[in-house]
Every structure is written in C-alpha cells, then in structure tokens.
Amino acid sequence: MTTTNLLYVRALDCAVSKHNVRTQSDEAADAELEANIGETGIILQNLIGVPVPRKKGRYEIVGGGRRLECVHRAIASGKLGDDFMVPLLVVKGTRDAIEMSFAENHYNLPMNPADECRAFQGMIERENKSPAELAKRFGKTERFVLGRLRLANLAEPVFEALRSGTITLEIAKAYAATTDIDRQAKVFHELDGHYYSSNLNEIRRQLATGSFNGGAPKALLVGRDAYLAAGGRIDTDLFSDESSEVWCDGELVERLADEAMSAAAAALREREGYAEVRRVAATSIPYSETCHLSVIEPVPMPLGPEAQARHDEITARIEAIEAGAADSDDYTEEQCTELDTLAEEMETLIEASLQLTLDQKANAIAYLVIDAEGRPRLHHEVFAVCFEDDSGSLDEADEPEGGVSGPDDALDGAGDGDEAEEAGESYSLRLLDELASMKSELLSVHVARDAPFALDLATFIMADRTRRPGWNAMPSELAAPAAGPRNAGFESGTPAAAAWTELEASLDRSWQDHDAMVDRYDAFCLLESARQAAWLGWAVARTLHAVPHGEAGSAFLDHLGGKLEIDVASWWRPTARNFFDRLTKPRILDLFEGIGGVELRSRYAASRKFDLAAAAERLFAGDTVTDADTKQRLATWLPQPMALSDIDAAGRAVAPDGPRSGFEVTDPEAGEDIPAAA
C-alpha cells in the first residue's frame, strides 16, 4: 500500500470521486448528519482522497463522499464558511483509496440502541442540556430524543434484554408505552419464553389491562377533557398520539361511560317510547344477551308525499323499460343497468317505510351500543323477551322491579319436581358437569339400542326445533334446518310449491299446544305413526338444497328423483314466467323447430318476444291445436336441468332401475318384507 498523508484542505477544493464505494444513501440520515456538522462544525472522521492530476490543491474523495456532500450543503446554506477545512487522508493510488473506503464502511458497527439511550441520558445529566438542544445538535426531532430518554428508564430486565439483543427496539418501545416499570417487569416476566413474547399487540394489551387507549370507543364516549376533569391519569406515549395513549384509571372510564350511556338510554326511552332500553358499553351486543329474545319486525308505513311520488316514477319507468324490451330479443345492457339502479332505489324507499308502531315500541326492548367513534347508537334490532325454562314453559319476560330479566330469572325453581335436589344437597359446578356427562352416556347407550324409540325421538327433536327459531333448551345437536333460498324472494308458483304449502298445512300440530317440552314430546309420541311419519318426511325434505344442473350434488338429487319415480312433466311445465321470459326469441324458435319442425317455427317467427313467450306457454301446456305427435312431444318435453333422471331420445325422463327406499325393505333371501322402525 502506498504511503498516506493527513492534511486539512478546503472543502470546496474537494469533489466526490466516481470511484466512491457508497452509491446509495438515506435522505433522513443525511439530513441528520448535515445538521450535526452544521451545528458543531466538526467532521468526526477524516475523508480519503487522491490528488487530481494537473490540478494542484484539488482532490477526488473516494472515502467519505457522503460527509463531503453534507459539508457542501452546509456551506451553501450559510451554516459554514467558504473556507471551512476538512481532514483528508491523501492516498497516491486510487486502488488503495477504494480498498480503504470499503474497509471503513464494511467494518462500521451501528450503535446499540441501549447504549444510544444511555448516551442521550448521560449528555443531558452531565451537560445540563435540554432535549431540544440535543435534538438540534444531532439533527433529530425533540420527540426522538424524548423517546430515547423514555427507553433509558425502562424496567431493568427489559432494558438489559434490549442491550443484549434479546428483544428488538420495537418491542422495547411497546414496553415503554407505560411509565410503570413494575408493570413493565411483570409483563416481561409473564411473557418471557412465551409464544407471544415478541407480539407487539399482545404486549400492549397486557400492559393496558385495567386501562384504556385514548382511541377506544369507551374513551371516545367519555371524552379526554371529562376524564381529566374527573381526576383521570394519562400515561403519555411518546411513540404514538392521543388515540393510543394510555388512560390509566380504567374504573373511572367505566363509571363515566356508564353515566353517559344511562343518560342517553333514558333520553332515548323518553323520546321513542320503548318499554326498556338496555345499554351495552361496547360496539356490539354479546350473543348471550339476545339469544333468548325474539326479534320484533317493523311494519311498512305509508310513504310520504315525496317518497310516494318517487315510488310512482320508478314504477312507471320500470314498466316503460319492460314494454320497450318486449319487441326485442332481450334487454340491452343499458336497460339492465338502469333496472338494477331503479330496483335498488325502490328497495331503499321500501326499507325506509318499515317502522315500529307505538304498540310495538311499548312492548319492545331496545339496545343502546357505542359506535366506533364513541357515539351512543341504537342497535338495528329490537326484541321481545321470550324464553323457555327447563320445564318448557314459554313466557313473555316481566322485568322485576329494580333489575333486568333474563334466562337466569326464568330458571329459578327449574329443579322443582322429581329431579329436584334433595334439601341440603350442594355440589361444585365441576362435579355437576361430570355427573351430567355420566347421565348422558347412560341415556345415549339405551337410545342407541332402541331403533323405534330413536326414530320417534329424532323426528320430535327436528320438528320441535323448528317451532321457534333461535335460543332453544333442546338438549340435542340434532336439527333439520331449512335450506337457504338460492334466489332471494323467488316464488315459483308451481304445483309443487302449492303442494308443499298444502302438506305443511296438513301436519298435525296438536302436540305443539303444550308449553313444556316433556309434554310436547309425550303428545308427539301419542300421534298415529302416519302422522309422525309425515313430520319426519317434512323435516328431512326441508333440508334439501337447490343445486344447479351439473354442479356437485346435482347427480345425487337426480338419482333420488329416479328412485321416487317422479313424473316431472306432470308437476312442472315451462311457462312464460318460469322459463320462456329468460330465453331469447331465437332460442325459443329453435326449441319450436326441434320439437315441431320448420313449420312450427315459421308459424311464430313474426311474433314479438312478449307474445312468443305467451304462445310457448300455451303450446307446452297442450292448449294449442297441433298434430297428435307434436302435442305429445310438447307435453312431455323438459329442459335437461329440470329432469330428475336421464333423458331418452324422445326427450322423456327415464327413471333408473331399482327399488324405492322407504319405511319397508325386502330381504332378498327370506323373500318377505321386513318392517322398518317407525
């Protein structure tokens, strides 16, 4: 390596070399370095450069180009003079200068955050400097310096973990969210070695237990000024803003929030006339609060003059669009978009007209909650108390004087009767749970051994669960919930839909007249087997889903239809409403041609789309004069998605071979019917 010489040269006589090994930098860090140099006038590390050939006194800086640029900017801003000198280690060879510059950057070790914190603390204590003065010297914000001072006062185990690198600077900042060092140490030891020991949110949550963040809904409801006026303490967090500062006195926040919610609930009850307004100091209502309550549905009210006028305008416009599209094959894209917009607006008008009557409010329980901005808000549903105790009695809850009624009130005295505990007996909750488990095992094994009993019980449980949706005291997981509609609000108007309504009306509901569950069960068991079987068929049938043709599960439904030997054509015929309105005019004509030939197509080719759909309905219903063969094909034709089994060449549904399943099966070896459990 060539010999070197340390000189002080004028900064303006130096320029950054293209061979400088550092090509990337950080604007924030450069600003801090520039501020420090401009404030102190000291270059803490010499530059490395080589003389410029044929330019005496000029140097190219290979190492320290970032420091030189900061000096140049400080001179340009007037913080340093034009004659400011910089220490320069002059190297004759560029290769050696590059090697020295690389070593300088490569072996540079960032300062440990803990040492940095204690260094700031020591300078303030020894030099009697203010955080603002130190911030100016080092090109930092005052907030940054205050934050490092806050970290310097961490609980000793937390600070030592930061010094040793066991925790990161961000984790240390999370612990510094509170100045309570005892709390810091306690949480640190509790989380030490735990999965959540490096989870910032969990650390802050543990530290904030018994307190609130300034941005919490309850805190926003109370208000910062009201909290401070009531003597509340705030632990200012230097690493965040008012929304995340810690309000230390959680009990005070709870009390002030309860007072605010009580006043809002009283005003709401007085203004709206609700029977009761329950307050929940949270953004949502817990399930346990309303699981035993039934929702009161609002009723439609007459629209106001403006709303009614707009309703009439929308109705007229929809009719105009449909009339204009009747002559074409289908709606245009613009018409579809406008219809969707009009439908949404109509729905908004109708929803706005839904209101609770005064009588409904007088018998309703409303809930007041807090929204995300800390404002009291009426929950969108109101309820009527309705719950069932262990004896099965179904009652409207009467609020006892001085308190709020609920499930626990209804269960008072539930042990009266044969199963009541003997006087003086008292057991722990754990023992009661264990005894209940053993009783359940005993009951289950006997039910499993008695198939007819199990079938009656299963039918009753499924049927009784549908009696009143929601909270139910039924001690079983068995249920037969109705499958959700695939098309909201769709009504087919088919014979099958009418038959289902008739079937439901024919069910024997006499057993449901009893309030107690045990009485309902005994009454159900006394029904004739055919009436019980009707309930079983109804409960199972209502669970079947609507599955489009070709999707998973549709083949199984087709198979069931085949085993039941359902003649779909006698139950369902295509009509304008349920089928042809969804087809284009050319598609309908193609269908005519496929069944009745070109002659049938030509007969209706000139018809408008609206008239064509009506004509198609009459044709497929057999109400139009045609030849016998064509009429037969029209009467039995089905679109493949409607068939419950395979389609033969003539377009007829073909039921698959095999016996139907039911309450009786045949033993092929014995050759006789075996009655199934009933």
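Predicted model: local features only at pLDDT ≥ 70, side-chain atom pairs only at ≥ 80, totals over all residues.

R310 counts as partly exposed, because its relative accessibility is 29%. R310 forms a salt bridge with E313, and the closest N and O atoms are 3.0 Å apart. Both residues belong to helix α15 (residues 305-325), where they are 3 residues apart, about one turn of the helix. E313 is also partly exposed, since its relative accessible area is 46%.

Side chains of opposite charge can pair when their charged atoms come close. The count of salt bridges in this model comes to 24. Another of them joins R73 to E34, again with 3.0 Å between the closest N and O atoms. Here R73 lies in helix α2 (residues 65-76) and E34 in helix α1 (residues 27-40), so the pair ties together parts that are 39 residues apart in sequence. Buried or partly exposed: which word applies to R73? R73 has a relative accessibility of 35% and therefore counts as partly exposed. E34, in contrast, has a relative accessible area of 16%, which falls under the 20% limit, so E34 is buried.

A further salt bridge is made by the side chains of D249 and R233, at 2.8 Å from N to O. D249 sits in the loop between β8 and α13 (250-272), while R233 sits in the loop between α12 (224-229) and β7, so this pair ties together parts that are 16 residues apart in sequence. D249 is buried, because its relative accessible area is 19%. Salt bridges also link R10, D13 and R58 in a network.

Strands of a sheet pair through backbone hydrogen bonds, either parallel or antiparallel. In this case the sheet is open, has 3 strands in the order β6-β8-β7, and its pairing is antiparallel. Which strands stand at the edges? They are β6 (212-213) and β7 (234-235); each has a single partner strand, so one side of each is left without a neighbour in the sheet. β6 pairs with strand β8 (residues 246-247) in the antiparallel sense, over 2 bridges. Within this pairing, F212 stands opposite W247 in β8.

On the surface, D340, E344, E347 and E351 gather in a patch of negative charge. One of these residues, E351, has its place in helix α16 (residues 333-353). E351 counts as partly exposed, because its relative accessibility is 48%.

Two contacts remain, each between residues that are separated along the chain. V16 lies in strand β2 (residues 14-16). V16 and I61 are 45 residues apart in sequence, yet their C-alpha atoms are 4.7 Å apart in space. With a relative accessibility of 36%, V16 counts as partly exposed.

How many residues separate G562 and L644 in sequence? The answer is 82, while the distance in space is 6.2 Å, C-alpha to C-alpha. G562 counts as buried, because its relative accessibility is 2%.

Key:
Residues numbered from 1 in each chain as written. Heavy atoms only, no water. Patch = residues over 30% accessible without salt bridge, like charges linked within 9 Å, V, L, I, M, F, W, Y side chains within 5 Å. Areas by Shrake-Rupley, 256 points an atom, 1.4 Å probe, with all protein chains shown as cover. Salt bridge = Lys/Arg side-chain N within 4 Å of Asp/Glu carboxyl O. Lys, Arg positive; Asp, Glu negative; His and termini not counted. Charge placed at Lys NZ, Arg CZ, Asp CG, Glu CD. Helix = DSSP H or I, 4+ residues; strand = E, 2+ residues; numbered from the N terminus. Buried < 20%, exposed > 50% of the residue type's maximum accessible area, 1.4 Å probe, protein only. Pairing = 2+ DSSP bridges.
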